[in-house]
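Let's walk through some charged pairs and a helix together. Have a look at the model first, then try each question before reading on.

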Amino acid sequence: MSDRAPIEAGAVVSLWRYPVKSMIGEQLNAARLSDYGLLGDRTYALMDSSDGKVATAKNPRKWPTLFAFAANFIERSASSPRGSAVRIRLPDGTVVTGDQSDRNQVLSKAINREVTLAAIERGEGDEARSSMPALRTAKAEEYWPDIDGLDHRDAVTDFELPTGTFFDCATVHLLTTATLDRLRHLYPQGRFEVERFRPNIVVRPLEGTQTFVEDSWIGHTLAIGDEVRLNVTGPCGRCVMTTLAQRDLPMDRGILRTAVEHNRANVGVYATVVRGGTIRCGDRVRLSAV
């Protein structure tokens, strides 16, 4: 394969971003990508005031209600001259914004733990973040459920986030509908919905088979639409977050157990941005060698 003769791989069927780490995100019709991934993705996080660690649903024993919060990112426009900002909907329906002076008190009360809304240092022009702590490095915790095949069992471990981000591993996460269909076939009673896996880009492959097709993309470049180029770097290992209840999805450890048993706990792939631009639902996805 070469960049001059890419192979048609499918089409983008949905786009997602998650402005605040481990909160419910938002579905988009189009998105801009830079070296940081989707504009506004994981730009913010809650910081535990007692130990300085990032709040994450990877440790649901410490942060049991994060999936009851939802966030959306407000991009700059002529009608919002102050710049981009974040809006967070609390479990009771109350809305708090990133430029609200009492945001930390409101969020702490809602989550029943003293927290600070922090922003990662990026060149995304968000004036509302100027009054927030700006971080370059951060740590978080992960609970490993008691499932055979995981690196740890019934344990909590610390991990460092990549410098300058609130991502766990990479800036872009891709998932195919073929992988979801395969998992549904393997565990029919489980609800393998996109929301459980928190991808940025969901692709419907050309092939009609139920396989973990994106695993074969690792080491290759994806061209999406006319502008964006991504380097697929590795598999996305899954964690306890996929098992948690959110909105109408029930808690189900069988979700993670199925991924462990049939694909070494991998669901989807990670990628880095080679060339940024705008992607839209319906864009063609083509595969070529790096």
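Buried means under 20% relative accessible area, exposed means over 50%, and partly exposed is in between (1.4 Å probe, protein chains only). This is a predicted model, where local features need pLDDT of at least 70, side-chain atom pairs count only at pLDDT 80 or more, and totals for chains, interfaces and linings use all residues. Residues are numbered from 1 along each chain as its sequence is written, and side-chain values use heavy atoms, with hydrogens and water left out.

Q: How many salt bridges does the structure hold?
A: Side chains of opposite charge can pair when their charged atoms come close. A salt bridge here is a side-chain nitrogen of Lys or Arg within 4 Å of a carboxyl oxygen of Asp or Glu. The count for this structure is 16.

Q: Why does Asp 158 count as partly exposed?
A: Asp 158 pairs up with Lys 53 in a salt bridge, and their closest N and O atoms are 3.0 Å apart. The two sit 105 residues apart, with Lys 53 in the loop between strands E5 (44-48) and E6 (70-74) and Asp 158 in strand E12 (155-160); helices (H or I, at least four residues) and strands (E, at least two) are DSSP runs, numbered from the N terminus. Lys 53 counts as buried because its relative accessibility is 16%. Asp 158 counts as partly exposed because its relative accessibility is 47%.

Q: Which residue forms a salt bridge with Asp 248?
A: Asp 248 counts as exposed, since its relative accessibility is 57%. Its partner lies 57 residues away, in the loop between helix H2 (177-186) and helix H3 (194-197). With the closest N and O atoms 3.3 Å apart, that partner is Arg 191.

Q: Why are the buried residues of H1 on the same side of the helix?
A: In helix H1 (residues 103-111), the buried residues are Arg 103, Leu 107, Ser 108 and Ile 111. They are on the same side of H1 because the arc they cover around the axis (taken from the directions from the helix axis to the C-beta atoms) is only 125°.

Q: Which exposed residues does the other face of H1 carry?
A: The buried residues of H1 pack against E5, E7 (85-89), E8 (95-97) and E9 (115-120), where contact means heavy atoms within 4.5 Å. The face turned away from that buried side carries Gln 105 and Lys 109.
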